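Take a moment with the model before reading on.

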Amino acid sequence: MSTAEQLRHPIESGVPDPFPFMHPVLKKNYGAWVWHDRPRPGVLRHVAKNGDEVWTVRAGTQRQMDVFTIRTLCDIADRFAEGYVRFTTRSSIEFMVSAADKVAPLVEALTAAGFPVGGTGNSVTMISHTQGWLHCDIPGTDASGVVKSMMDMLHAEFVAEEMPNRVHITTSCCQINCGGQGDISINVQYTKPPKINHDLVAKVCERPAVVARCPVAAIRPAMVDGKPSLEVDEQKCVCCGACYPPCPPMQINGADSTKIAVWVGGKHSNARSKPAFHKLVVANLPNNPPRWPEVAEVVRTILATYKANAKDYERIGEWIERIGWPRFFELTGFAFTRHHLDTWTGARKTMNMSAHVRF
Ligand code: SF4
Ligand code: SF4
């Protein structure tokens, strides 16, 4: 073998080939599945053209996992599930077995180890969150903490299928909201423009990088007390927080300027109705770790009202479209305030549409 052949070339993009890791029954019947059902919450049965069956057991995880937890899950897979697992996009783990009598012991082992079995059908599925402090440099709070407290509260709705339709909850740690749209979305909002510590800017900031990062071109270089610094046009600033990572002296993160907003009615799927952006319902909730009780109360109210009033198979956004937003605010008891009106027209002429650095 030549040296060139021995070198392992990195794969720069794309996912690995899934077939070497696939359960043999799934591999054998790839593209040949005829129907499926859900014998109980958290369990799916798929039947192939040739009569082969496979049972999938879905369990919730804590999303950000340590090595001990992954080893525990793999041990369960080896002892109770024929050694095959996969993770869903919402970080649920799925175990596949090829015989019906293996399902109950697997469910029992997962439950005993603290992993709830559920998240299928009309349940509140695993809550997704953005990267938070683990990988991103903008967060106003750690989205995974909000998610953990929500999941504890919603455990009963995860292991049952009692909602009118599935409920996807997402949490984002800034308004850039890289997590996407959700039936209920919990987003951190910065409420004030950054305060600049001018003594530090010249020492630690790359000023062109900060200026380029602002999405509305609100930052300009400026001389302050004879030193090179920056200034912010507060009329333009949309309080996104994007300038903080390249320039930490642009302080935007504080108890008085970091709040949580709850949005509803977003969805990515095309089923029955078009994909939709979620819309603001409650703003300015305190960013109150470690359990965020004010946010939990709002989410609990939305879910209880939806469960009691929506028709079967209506997603939250579809239900609100049918009854109208005024009725939604009446039913939930939330106040309709000026924060619900999107009156900002500045984007038409100031949105930073290119990567050019402006001075
Ligand atoms: S939501 Fe904002 S802060 Fe959180 S990971 Fe995404 S971009 Fe970063
Ligand atoms: S990056 Fe965001 S927070 Fe910073 S000045 Fe621009 S709009 Fe305001």
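Two residues are in contact if their C-beta atoms, placed from the backbone, lie within 7 Å. By that criterion, consider the contacts in the chain with a separation of 6 or more: residues 24 or more positions apart account for 67% of them. Keep in mind that this is a predicted model.

Now the chain as a whole. It has 359 residues, and 36% of them are buried. Twelve helices and 14 strands make up its secondary structure. Along the principal axes, the C-alpha atoms fill a box of roughly 80 × 70 × 35 Å.

Turn to strand S1, residues 33-40. S1 has eight residues, and the count of buried ones is zero. Its partner is strand S2, residues 43-48. The two pair in the antiparallel sense, over five bridges. One bridge can be named: Trp-35 is partnered by Val-47 in S2. Two residues lie between the strands of this hairpin. In the turn, Gly-42 has a positive phi of about 90°.

Next, the ligands. Ligand 1 is surrounded by 13 residues. Closest are Thr-130, Cys-136, Cys-173, Cys-174 and Cys-178. The shell around ligand 1 divides into seven nonpolar and six polar residues, with no charged ones.

Ligand 2 has 16 residues around it. Cys-214, Cys-237, Cys-240, Ala-242 and Cys-243 come nearest. How does the shell around ligand 2 divide by class, and how many of its residues are charged? There are 14 nonpolar residues, one polar and one charged.

Terms used. Residues numbered from 1 in each chain as written. Chains lettered and ligands numbered in written order. Predicted model: local features only at pLDDT ≥ 70, side-chain atom pairs only at ≥ 80, totals over all residues. Near = placed C-beta within 6 Å. Nonpolar A, V, L, I, M, F, W, Y, C, P; charged D, E, K, R; others polar. Helix = DSSP H or I, 4+ residues; strand = E, 2+ residues; numbered from the N terminus. Buried ≥ 20, exposed ≤ 12 C-beta atoms within 10 Å, placed from the backbone. Pairing = 2+ DSSP bridges.
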